[in-house]
Amino acid sequence: MNRFAIALISALLLISGETGAQERITNYIPSAKPERIVLNINGDPAATMAVTWRTDTTVTESLAQIIFNLPTVFPADSASTVKGSWQDVTADGVTARFHSVIFTGLRPATTYAYRVGSGSGASEWFTFKTAEAGNDPFTFLWLGDSQGPISLYARVIRHAYRTTPDAAFVLYTGDLVDGGSSAKLQDDEWGDWHRAAGFIFSEVPVVATPGNHEFYDPQVRQKRDLNRFWRPGFTLPGNGPAGLEETAYSFDYQGVRFIIVSSDEMLRSEDLARSQAAWVEGLLKDNPCRWTVMAFHHPFFSTSARRDNKVVRESLKPLVDKYGVDLVLTGHDHTYARGMTLPEGVIGKGNQAGTVYVVSVSGSKMYQQDADQWWESGLINTQLWQTISVDGNRLTYRAYDASGAVADQFMLTKKKDGRNRIGVPPVNKK
Ligand SMILES: [Fe+2]
Ligand SMILES: [Fe+2]
């Protein structure tokens with residue numbers, strides 16, 4: 001081989017990246033200006049709110065300011081300053097600094113204005129509203145796997161927000177990102193995920209649990225570490241089992257107990273399956289709320305004949321049955337399916353409801369449905385978002401397709417004995 005041929009082959013190897021010698025650099029280079037500003041539920045939502053954002057490493061303090069959302073122009077120094085902490089993530093060719101502040105001692109049902117950073121490096125002012133102290137009606141948004149390209153997913157989160165801008169929070173049931181594929185760096189994926197939402201997550205808190213794709217390593221797909229951007233990039237509750245901080249946790253929101261389970265960690269470790277089941281049982285046994293919603297990634301019942309999340313089902317379904325969980329929200333199967341099982345030992349008649357299970361998807365990656373049909377309502381090749389509203393003894397659920405049309409809906413009415421009736425919600429009622 002002559003020298004020209006060797007030089008040509010070397011150049012081609014470099015371009016294709018096969019040498020591995022050159023680290024690719026993220027499309028999203030951080031600067032001193034705050035970005036990826038995301039609110040998270042963290043503790044009592046009537047009194048606390050967490051915010052996370054990133055900058056480059058020239059910013060050496062994690063400061064945020066907060067004030068009642070006054071109707072008038074207000075000077076920045078009239079706001080309270082809250083100090084937080086930061087951690088650096090070096091990945092994909094850059095070091096980014098992720099800052100985290102938790103606002104505490106807030107008043108219930110109150111709209112606050114806040115900004116992150118300080119001086120000329122501060123963000124604009126955003127607003128959010130704390131939860132009511134009582135069990136007032138509220139609506140939250142739920143999205144299944146957004147995983148994959150922003151191209152078709154972005155319209156879903158934007159349309160969801162446009163229809164329900166006053167949502168208490170937006171819940172994601174895992175596979176928010178793909179985990180770094182050959183085409184995308186992990187940081188690019190998170191950059192895209194935040195870009196799709198624009199300012200939405202700076203005003204509507206995110207509640208999220210990881211899916212299996214948040215545990216993929218881009219270099220070694222079988223290696224199972226939590227996506228390096230998860231804990232730095234969010235400030236989610238740490239009140240679940242030890243070691244599962246920000247992946248398994250719970251909170252109560254205006255009369256609804258939310259239990260967020262990390263099902264991928266349940267599938268990979270008997271210890272983490274046991275510890276999560278014991279923790280879930282404690283939350284169900286001693287539950288002051290009228291309604292209970294559980295959310296995790298892997299469904300008890302798959303829509304695919306090749307998939308069976310036995311450990312998740314065997315660990316949690318007996319508890320769901322025993323304590324009458326109202327709603328179980330999942331993803332992973334990249335289709336839409338909604339079905340129901342009745343409480344064990346009870347024969348369903350008429351409109352008697354048991355636990356309602358739903359699988360949904362918001363991104364554009366799609367699978368077929370070829371399992372034995374357990375669902376009453378199913379859709380393929382359809383991107384969706386859901387609104388779930390709770391008002392006293394009524395829970396109203398609607399799934400919307402990417403055109404904004406209602407794709408599925410039901411209403412649960414809680415009877416005095418704690419059991420639910422299922423029916424169709426009245427038109428134009430949340
Ligand atoms: Fe998944
Ligand atoms: Fe997925």
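How are the donor residues of the iron ion (ligand 2) spaced in sequence? The spacing is D-x1-Q-x27-D-x158-H, where donors are N, O and S atoms within 2.8 Å of the metal (3.2 Å for Na, K and Ca), and sites may look incomplete because water is not among the atoms.

The model is predicted, so local features need pLDDT of at least 70 and side-chain atom pairs count only at pLDDT 80 or more, while totals for chains, interfaces and linings use all residues. Residues are numbered from 1 along each chain as its sequence is written, chains are lettered from A and ligands numbered from 1 in the order in which they are written, and side-chain values use heavy atoms, with hydrogens and water left out. The chain has a mean pLDDT (the predictor's confidence in each residue, from 0 to 100) of 92, and 91% of its residues reach 70 or more. Over residues 4–21 pLDDT stays under 50. For this stretch the model has 6 contacts (heavy atoms within 4.5 Å) beyond four places in sequence.

The protein donors of the iron ion (ligand 2) are D145 (OD), Q147 (OE1), D175 (OD) and H334 (NE2), which lie 2.1 to 2.2 Å from the ion. D175 also coordinates the iron ion (ligand 1), and the two ions are 3.2 Å apart. Helices (H or I, at least four residues) and strands (E, at least two) are DSSP runs, numbered from the N terminus. D145 counts as buried, because its relative accessibility is 0%; buried means under 20% relative accessible area, exposed over 50%, and partly exposed in between (1.4 Å probe, protein chains only). H334 is also buried, with a relative accessible area of 1%.

An open sheet of 7 strands with mixed pairing runs in the order β12-β13-β14-β15-β18-β16-β19; two strands pair if DSSP finds at least two bridges between them. Its edge strands, β12 (249–253) and β19 (377–379), each pair on one side only. Within the sheet, β14 (residues 291–295) and β15 (residues 327–330) pair in the parallel sense over 3 bridges, and M294 stands opposite V328 in β15. Helix α8 (residues 310–323) packs on the sheet and touches β14, β15, β16 (336–341) and β18 (355–359). The direction of α8 makes about 140° with that of β18, where axes are lines fitted to C-alpha atoms, for helices over the stretch in contact, and angles run from 0 to 180 degrees between N-to-C directions.
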